[in-house]
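Here is a short note to read beside the model. Please keep the 3D view open as you go.

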Amino acid sequence: MLRETGRLTSRLIHDFKNQLGGMKLYATFLKKRFAENAEGVEVAEKIIQGLNEMAEQAAWVSKLTRPIEVRRENGDLAQFVEMVLSSLKAQAAAKTVEIGMETASEPMPFRFDLQQMQVALSSILVRAIDVSPAGAEIRVRLRRADEAIRIEIPDAGETLDAERLRGFFDFLTHERLNRTSLGLAFAKRILELHGGEVVALPGEPVGTVVEILLRD
């Protein structure tokens with residue numbers, strides 16, 4: 001039954017994305033048709049934006065319905081996290097949020113899938129940027145913890161209650177099914193496939209801290 005449900009979901013998403021593509025073409029035509037009408041152009045742009053968001057959500061759902069293939073290779077986790085942060089600096093700057101890293105000076109060797117780990121960390125970091133107010137600073141902390149590597153990703157958003165912290169990575173407990181909730185669920189799966197554990201904890205004095213423990 002689960003296998004058939006997965007196949008049905010995959011087929012529905014595929015057909016859904018095809019229909020969205022057709023609707024986007026019509027919306028683009030309307031935008032050109034009303035090129036001299038500012039209100040018409042605005043409406044068409046909002047339709048296109050909504051369709052793009054729906055297509056992105058469908059892509060995330062499709063990822064969650066399929067097995068994740070992890071190909072681990074040796075790397076320096078500290079350098080990798082710094083690279084992920086650098087790739088998001090422009091997005092953070094657009095919100096006037098500063099992002100950086102605190103880490104010990106020694107290398108952090110770890111075996112991980114570079115592509116999948118980037119997706120996981122980026123999903124968590126993008127949420128942290130989105131919920132943090134203008135002028136906030138996000139300092140990712142990377143440390144050794146006994147036999148594990150600990151990564152802490154804080155944000156300066158609202159403080160979540162215990163129930164919301166427990167459901168932080170469960171997309172069904174979020175108010176909306178969107179890129180953020182689906183991305184967090186996908187990130188948790190990737191980290192667990194790397195032998196990791198991830199939890200959401202209350203931040204000090206505000207916000208949330210995502211704590212990741214990775215064991216090779």
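In what order do the five strands of the open sheet stand?

1. The order is E2-E4-E5-E7-E6, and the pairing is mixed. Strands (E, at least two residues) and helices (H or I, at least four) are DSSP runs numbered from the N terminus. Two strands pair if DSSP finds at least two bridges between them.

2. This is a predicted model: local features need pLDDT of at least 70, side-chain atom pairs count only at pLDDT 80 or more, and totals for chains, interfaces and linings use all residues. Residues are numbered from 1 along each chain as its sequence is written, and side-chain values use heavy atoms, without hydrogens and water.

3. Angles run from 0 to 180 degrees between N-to-C directions, and axes are lines fitted to C-alpha atoms, for helices over the stretch in contact.

4. Strands E5 (residues 148–154) and E7 (residues 208–214) run antiparallel, joined by six bridges. Opposite arginine 150 stands leucine 213 in E7. Helix H3 (residues 77–87) packs on the sheet and touches E2, strand E4 (137–145), E5 and E7. Contact means heavy atoms within 4.5 Å. The direction of H3 makes about 175° with that of E2.

5. Now the helix pair. The axes of H5 (residues 114–131) and H7 (residues 179–193) come within 8 Å and cross at roughly 140°. Among the residues that meet are Val119 and Ile124 in H5, and Leu184 and Phe186 in H7.
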